[in-house]
Amino acid sequence: GSGGTPGTPLSLTPLPQKDGNGKLGLVEFNVLWNRIRNYLSIFRKFDLDKSGSISAYELRLALEAAGYRLNKRLHELLITRYAEPDLALDFDSFVCCLVRLETMF
């Protein structure tokens with residue numbers, strides 16, 4: 001997807017860190033793992049055709065399920081930033097989009 005750079009971890013910047021040492025301890029890993037599992041559950045629920053990507057419309061539904069009610073302009077900005085030219089997002093891009101929203105709200 002266009003949401004991240006190949007070979008970099010899912011740009012998960014807002015990780016809760018206990019000691020700020022920049023390393024991912026067991027507690028932080030567990031928090032991160034649970035977030036990713038939750039994202040995957042939402043992604044699978046709204047990947048209605050099971051294609052491995054979600055459409056712009058499915059993204060809106062998925063983001064609402066994740067607790068984000070966005071106005072049309074912000075939704076369009078996210079599509080522009082994270083979607084492929086066919087306006088679909090793969091799971092990596094979906095995660096990057098959600099992480100970005102978490103840092104904004």
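Of the 105 residues in this chain, 34% are buried. What you're looking at is a predicted model, so read it with the confidence scores in hand. The chain has four helices and two strands, and from the N terminus on they come in the order α-β-α-α-β-α. Among contacts between residues at least 6 apart in sequence, 59% join residues at least 24 apart.

- The average pLDDT of the chain is 84, and 81% of the residues score at least 70.
- Watch out for residues 1-11, where pLDDT stays under 50. For that stretch, the model has 19 contacts beyond four places in sequence.

- Helix 4 covers residues 91-104, which makes 14 residues.
- Which residues of helix 4 are buried? They are Phe91, Ser93, Phe94, Val95, Cys96, Cys97, Leu98, Val99 and Leu101.
- The cover over those buried residues includes helix 1 (26-46), strand 1 (53-54), helix 2 (56-65), helix 3 (72-82) and strand 2 (89-90).
- Asp90 caps the N-terminal end of helix 4. One of its side-chain oxygens lies 3.4 Å from the backbone nitrogen of Asp92.

- Phe29 and Trp33 both sit in helix 1, four residues apart, which is about one turn of the helix.
- Are these two buried or partly exposed? Phe29 has a relative accessible area of 41%, so it is partly exposed. Trp33 has 43%, so it is partly exposed as well.
- Now take Phe43 and Phe94: their ring centres are 5.5 Å apart and their planes are at 50 degrees, so the pair is tilted. This pair ties together distant parts of the chain, with Phe43 in helix 1 and Phe94 in helix 4, 51 residues apart.
- Phe43 has a relative accessibility of 5%, so it counts as buried. Phe94 comes in at 0%, so it counts as buried too.

**The phenylalanine cluster**

- Which residues do ring pairs link into a cluster? Phe43, Phe91 and Phe94 are the members.
- Phe43 lies in helix 1. Leaving out residues up to four places away in sequence, Phe43 touches Gly52, Ser53, Ile54, Leu89, Asp90, Phe91 and Phe94.
- Phe43 and Leu61 are 18 residues apart along the chain, and their C-alpha atoms are separated by 9.9 Å.
- Phe91 belongs to helix 4. Its relative accessible area is 19%, and the cut-off for buried is under 20%, so Phe91 counts as buried.
- With residues up to four places away in sequence left out again, Phe91 touches Ile36, Tyr39, Leu40, Phe43 and Gly52.
- Phe91 and Tyr39 are 52 residues apart along the chain, yet 8.6 Å separates their C-alpha atoms.

**A charge over a ring**

- The charged end of Arg81 sits over the ring of Tyr82, 4.8 Å from the ring's centre.

**Two loop residues with positive phi**

- Lys50 isn't a glycine, yet it has a positive phi of about 55 degrees. You'll find Lys50 in the loop between helix 1 and strand 1.
- Is Lys50 buried or exposed? Its relative accessibility is 61%, so Lys50 counts as exposed.
- Leu87 also has a positive phi, near 70 degrees, and is a residue other than glycine. Leu87 lies in the loop between helix 3 and strand 2.
- The relative accessible area of Leu87 is 45%, so it counts as partly exposed.

Methods
Residues are numbered from 1 along each chain as its sequence is written. This is a predicted model: local features need pLDDT of at least 70, side-chain atom pairs count only at pLDDT 80 or more; totals for chains, interfaces and linings use all residues. Side-chain values use heavy atoms; hydrogens and water are left out. The expected span of a helix is 1.5 Å times one less than its number of residues. Buried means under 20% relative accessible area, exposed over 50%, partly exposed in between (1.4 Å probe, protein chains only). Contact means heavy atoms within 4.5 Å. A polar contact is a pair of N or O atoms within 3.5 Å; within protein, one must be able to donate a hydrogen and the other to accept it, and residues adjacent in sequence count only if both atoms are side-chain atoms. Rings of Phe, Tyr and Trp (its six-membered ring) pair if their centres lie within 6.5 Å; planes under 30 degrees apart count as stacked, over 60 as edge-to-face and the rest as tilted. A charge sits over a ring if NZ of Lys or CZ of Arg is within 6 Å of the ring centre and within 35 degrees of the ring normal. pLDDT is the predictor's confidence in each residue, from 0 to 100.
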